[in-house]
Amino acid sequence: ALEELQEEGLVRSIGVSNYTKEDYEELMAVALVPPAVNQIEANPFLYRKNTIDFFQRQGCTVQAYRPLQQGKALQDMTVVDIATKHGRAPAQKGLIYLPKTLSTARMVENARVFDWALGEEDMQMLDALTTGEALQAFKELYMKCVCRDTPLDGNMDNVKTDVTID
């Protein structure tokens, strides 16, 4: 239905949300138009590098939601130290994100993203903030949502349970 709307010029792009690599492969087995964007939770504490790399290789832009984990990242000393080192406020790395704020000062800071980049050492420090526990919590929530979205009979026989979580 969305592909037809795009063909008719009624929508410009089609996107997905919370897709894993396996969800994408399942979709592309039947879809004619690949999604332009996949919106996933991504922040320093849940940075799913293999998933992000996969979607970027497919030409699918990754957009982060909860990029600062509802302010938690603003308190983490690793994030704060890296931001301070570069004279910036703590923010998201390497993905599209839509910050929301009512503060004019934060709006100005959020716009200061094009004149600098993090070094490899800083990126590795941020990557290390994603723990196995965080990835497991993601998988548990993903499975809960898959179960919720299956037919009413609750039958999980044809539901994939082995998905890429990192």
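Predicted model: local features only at pLDDT ≥ 70, side-chain atom pairs only at ≥ 80, totals over all residues.
The protein chain contains 8 helices and 4 strands. Read from the N terminus, these elements follow the order α-β-α-β-α-β-α-α-β-α-α-α. Of the 166 residues in the protein chain, 32% are buried. When contacts between residues at least 6 apart in sequence are considered, 61% of them link residues at least 24 apart.

The largest nonpolar core is built from 10 residues, namely Tyr24, Ile40, Ala42, Tyr47, Ile52, Phe54, Phe55, Cys60, Val62 and Ala64. Two or more residues of this core are supplied by each of α3 (49-57) and β3 (61-65), and the largest share, 3 residues, is that of α3.

Packing between helices is illustrated by α5 and α7. Helix α5 spans residues 77-85 and helix α7 residues 120-127; their axes come within 10 Å and cross at roughly 160°. Because angles over 145 degrees count as roughly antiparallel, α5 is roughly antiparallel to α7. The crossing of the two helices is left-handed. On the α5 side, the contact involves Thr78, Val79, Ile82 and Lys85, which meet Asp122, Met125 and Leu126 of α7. By residue class, the contact of α5 with α7 comprises 4 nonpolar, 1 polar and 2 charged residues.

Methods:
Residues numbered from 1 in each chain as written. Heavy atoms only, no water. Axes fitted to C-alpha atoms, helices over the stretch in contact; angles between N-to-C directions. Parallel < 35°, antiparallel > 145°, perpendicular 65-115°, else oblique. Left-handed = near helix turned anticlockwise from the far one by under 90°. Contact = heavy atoms within 4.5 Å. Nonpolar A, V, L, I, M, F, W, Y, C, P; charged D, E, K, R; others polar. Core = buried A, V, L, I, M, F, W, Y, C linked by side-chain atoms within 4.5 Å. Buried < 20%, exposed > 50% of the residue type's maximum accessible area, 1.4 Å probe, protein only.
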